[in-house]
Amino acid sequence: MQQQTRAMLFGLGAVLCWSTVATAFKLSLNYLQPAQLMLVAASTALLFFLGLLIYQGRLQRLWQQTPATYLRSLGYGAMNPLLYYLVLFSAYDRLPAQEAQVLNYSWAIVLSLLAVPMLKQAMHKADYLAAILCYAGVWVIATRGDVFALQFENGVGVLLALCSTVIWALYWIANRRDQREPVLGLCLNFLFAV
C-alpha cells in the first residue's frame, strides 16, 4: 500500500474515532460518575501501554527511571489524564454531547494563543482574526444562539469545557520540553494518574 494511501486511511480512522467520542462519553456518563469514567479510561490506557511495553520487551525500563523522571511523570499524569479528563467528563456530564465537544475542541485556538507568550511564537493579524471568528462560533454554541442574552443552559458546564481547553493546551506546551521516550512517558503518566 502506498504511504499516502496508508496515511489517509489512518487519518480517516482517527477522525472516525474522535467523531464518536462525544457520544461514547455521554453514554458512559449515564452509568458512571466523571471520576469513575476517568479511572476506567486511565486504567484501560495503562493496561494498553503496559502491554505494549511487554510486547516491545521494555517493561523493565519502567522501574529504571530517575527520581526526576518519576516526579515529572507525576506532574504530567496529574495534568493529563487526571485533571484534564476529570474536568472534561464533568463538562460532558452537564452539557449535551455536541455542545461539550465543540467547546472542548477549541483547545487548538487556546494552544495558539498561549504559544505566543509561553513559546514566543508569532501570530499574524489573520491568525487573531481566525481565533476571534472561531470563538464567535463557540459563543453562539455556548449561548444556544441567543448571543446577547448572556445566559447559558449550564454555565458551569460551559466553564468546565473551556477550562479543559486551557489544561490541554498547557499540557501540550509543557510536553514540548519532555525528553522521556513517548510510550514509556505515557505509561508513567497513566500509572500515576490511576
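Tutor: We begin with a term needed below: two residues are in contact when they have heavy atoms within 4.5 Å. Please keep in mind that the model is predicted.

Student: What does Ser106 touch, not counting residues up to four places away in sequence?

Tutor: By that cut-off, Ser106 touches Tyr135, Val138, Leu162 and Thr165. Ser106 itself is found in the loop between α4 (97-104) and α5 (107-119).

Student: Why is Ser106 called buried?

Tutor: Buried means under 20% relative accessible area. Ser106 has 2% relative accessibility, and therefore counts as buried.

Student: Is Lys120 buried or exposed, and how do you know?

Tutor: The term exposed requires a relative accessible area over 50%. The value for Lys120 is 68%, so Lys120 is exposed. This residue lies in the loop between α5 and α6 (125-142).

Student: What makes the backbone of Lys120 worth a remark?

Tutor: Lys120 has a positive phi of about 60 degrees although it is not a glycine. Most residues other than glycine have a negative phi.

Student: Why is α4 described as largely enclosed by the rest of the structure?

Tutor: The description is used because six of its eight residues are buried. These are Ala97, Glu99, Ala100, Gln101, Leu103 and Asn104. Their cover includes α1, α3, α5, α6 and α7.

Student: How do you know that the span of α3 is close to the expected one?

Tutor: The expected span is 1.5 Å times one less than the number of residues. For α3, with 28 residues, this expectation is 40 Å, and the helix reaches 39 Å from its first C-alpha to its last.

Student: Where does α3 have a kink?

Tutor: The kink, of about 30 degrees, lies at Gly77, shortly before the proline Pro81. Pro81 is also placed in helix α3.

Student: What is the peptide bond from Asn80 to Pro81 called, and what is its omega?

Tutor: This bond is cis, with omega near 25 degrees. Most peptide bonds are trans.

Student: What makes up the lining of the largest pocket, by class?

Tutor: A residue belongs to the lining if it has an atom within 4 Å of a pocket point. The lining of the largest pocket has 27 residues, and Trp18, Ala45, Phe49, Tyr85 and Phe190 lie nearest its centre. By class, 19 are nonpolar, five polar and three charged. The helix α2 gives the most to this lining, with eight residues. The space in the pocket is about 690 Å³.

Student: What is the secondary structure of the protein as a whole?

Tutor: The protein has eight helices and zero strands. Of its 194 residues, 34% count as buried, by the cut-off already applied to Ser106.

Student: What share of the contacts with a separation of 6 or more joins residues 24 or more positions apart?

Tutor: Such residues account for 80% of those contacts. The C-alpha trace spans about 60 × 45 × 40 Å along its principal axes.

Methods:
Residues are numbered from 1 along each chain as its sequence is written. This is a predicted model: local features need pLDDT of at least 70, side-chain atom pairs count only at pLDDT 80 or more; totals for chains, interfaces and linings use all residues. Side-chain values use heavy atoms; hydrogens and water are left out. On a 1 Å grid over the protein atoms alone, a cavity is a set of points where a 1.4 Å probe fits but cannot get out, and a pocket is an open set with protein on both sides within 12 Å along at least five of seven lines; lining residues have an atom within 4 Å of a point. Grid points are joined across faces, edges and corners, and a volume is the space filled by probe spheres set on the points. Helices (H or I, at least four residues) and strands (E, at least two) are DSSP runs, numbered from the N terminus. Ala, Val, Leu, Ile, Met, Phe, Trp, Tyr, Cys and Pro count as nonpolar, Asp, Glu, Lys and Arg as charged, and the others, Gly among them, as polar. The bend at a residue is the angle between axes fitted to the seven residues ending there and the seven starting there. Buried means under 20% relative accessible area, exposed over 50%, partly exposed in between (1.4 Å probe, protein chains only).
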